[in-house]
Each structure stands twice: as structure tokens, then as C-alpha cells.
Amino acid sequence: MISSECKFGNNSSEASNITRCFLESMFALLNERQMQYVVLRNYEDLPDVVDNDVDLLVASGNMKQVEAELAILARQSGFLLLRKVRRFRYVSFWYLLPGIAEVLHLDIWTAIDIKGIRWIDEKEIFARRKPYKQFFVPQDYSLALML
């Protein structure tokens, strides 16, 4: 559920606020549902600033629920799903905020596996995750850099 503190409108000064509220609500929901996840990299300025995209690793058993919850959050915040692409072990989502041209790109991984090469077992990452702000990140920053 989107926070009642979030105000949604249609001018560019509100775009970053809407994106921040979307991300804060997404993290709150993942935490409330006690889902295993981490933000893999480029998380230092989240949720206020999104560099290029947000890379999440979620437990594979939670992927359908995460997709359903994202669809609800997007509708509540005014984002439209612009594009969704399933790739090897992740799904890319591009959300558009109409009238402002704000685009939010999320890559949601279920395994750290590219073209059949397994980099690390995600269970190990979840077991060693640590809280950072209102979300979770990998315990070892060098691991995040490698990814």
C-alpha cells in the first residue's frame, strides 16, 4: 500500500517524490511480508535517487507475489507498466509516469546466474544480508561490486 504521506500529481517537481514513495512502499511491503530480498547495488542514495535502475534479488518462490504487488503499487502511484521483459534469471520492468516522462526501471533477479553460469547461491546472500535504511543489502559490499 502506498503511504498516505505520498502526494501524486502531474508536474515534474513531484516526479522524484512519486518514485521515492513507490520505492519506499515497495520496500515496506517486502519487509511486511517478510520476503527474502536484497538490493544488489547502487543503493547508497535510494530511495531518493535512482541512478539507472534498481537491481533486486528476491527468493524465487516469491517472484509471482512480488510481480502482483508491484502491479498494485504501480496503479496506486500512477505508474504504467511500459515494458516487461523476462530474461535468463531476472525480469526487467519499466514503469512510466504519464505526463511527466518519469521512467522507473527495476531488474528483479531470482538467481545470480547469467547464461547458465552460477556466480553465487542466493541463499548465501539472503543468509548474510544486512539492513540498510529501510531495505536489505548484501553483507559484503565487495560482493555487490562484483555483481
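The structure is a predicted model. Its chain contains 4 helices and 9 strands, and these follow one another in the order α-β-β-α-β-β-β-β-β-α-β-β-α.

**Whole chain**
- Of the 147 residues in the chain, 46% are buried.
- The chain exposes about 7800 Å², and carbon and sulfur atoms supply 50% of that area.
- Among contacts between residues at least 6 apart in sequence, 54% link residues at least 24 apart.

**Nonpolar core**
- The largest nonpolar core is made of 42 residues.
- Phe22, Leu23, Met26, Leu70, Tyr95 and Leu106 have the most contacts inside this core.
- Elements giving two or more residues to this core include α1 (15–32), α2 (63–77), β4 (90–97) and β5 (102–109).
- Helix α1 provides the largest share of the core, with 7 residues.
- Tyr95 touches several residues beyond four places away in sequence, among them Phe22, Leu70, Ala74 and Leu106.

**Strand β4 and its partners**
- Strand β4 is largely enclosed by the rest of the structure, because 7 of its 8 residues are buried.
- β4 pairs with β3 (residues 80–86) in the antiparallel sense over 6 bridges; in this pairing, Val85 has Ser92 of β4 as its bridge partner.
- A hairpin through 3 residues connects β3 to β4.
- β4 also pairs with β5 in the antiparallel sense, over 8 bridges, and Phe93 has Leu106 of β5 as its bridge partner.
- The hairpin formed by β4 and β5 has 4 residues between the strands, and Gly99 in the turn has a positive phi of about 85°.

How values were computed
Residues are numbered from 1 along each chain as its sequence is written. This is a predicted model: local features need pLDDT of at least 70, side-chain atom pairs count only at pLDDT 80 or more; totals for chains, interfaces and linings use all residues. Side-chain values use heavy atoms; hydrogens and water are left out. A nonpolar core is a set of buried Ala, Val, Leu, Ile, Met, Phe, Trp, Tyr and Cys residues joined through side-chain atoms within 4.5 Å. Buried means under 20% relative accessible area, exposed over 50%, partly exposed in between (1.4 Å probe, protein chains only). Contact means heavy atoms within 4.5 Å. Accessible areas come from the Shrake-Rupley method with a 1.4 Å probe; for residues, only the protein chains shown count as cover. Two strands pair if DSSP finds at least two bridges between them.
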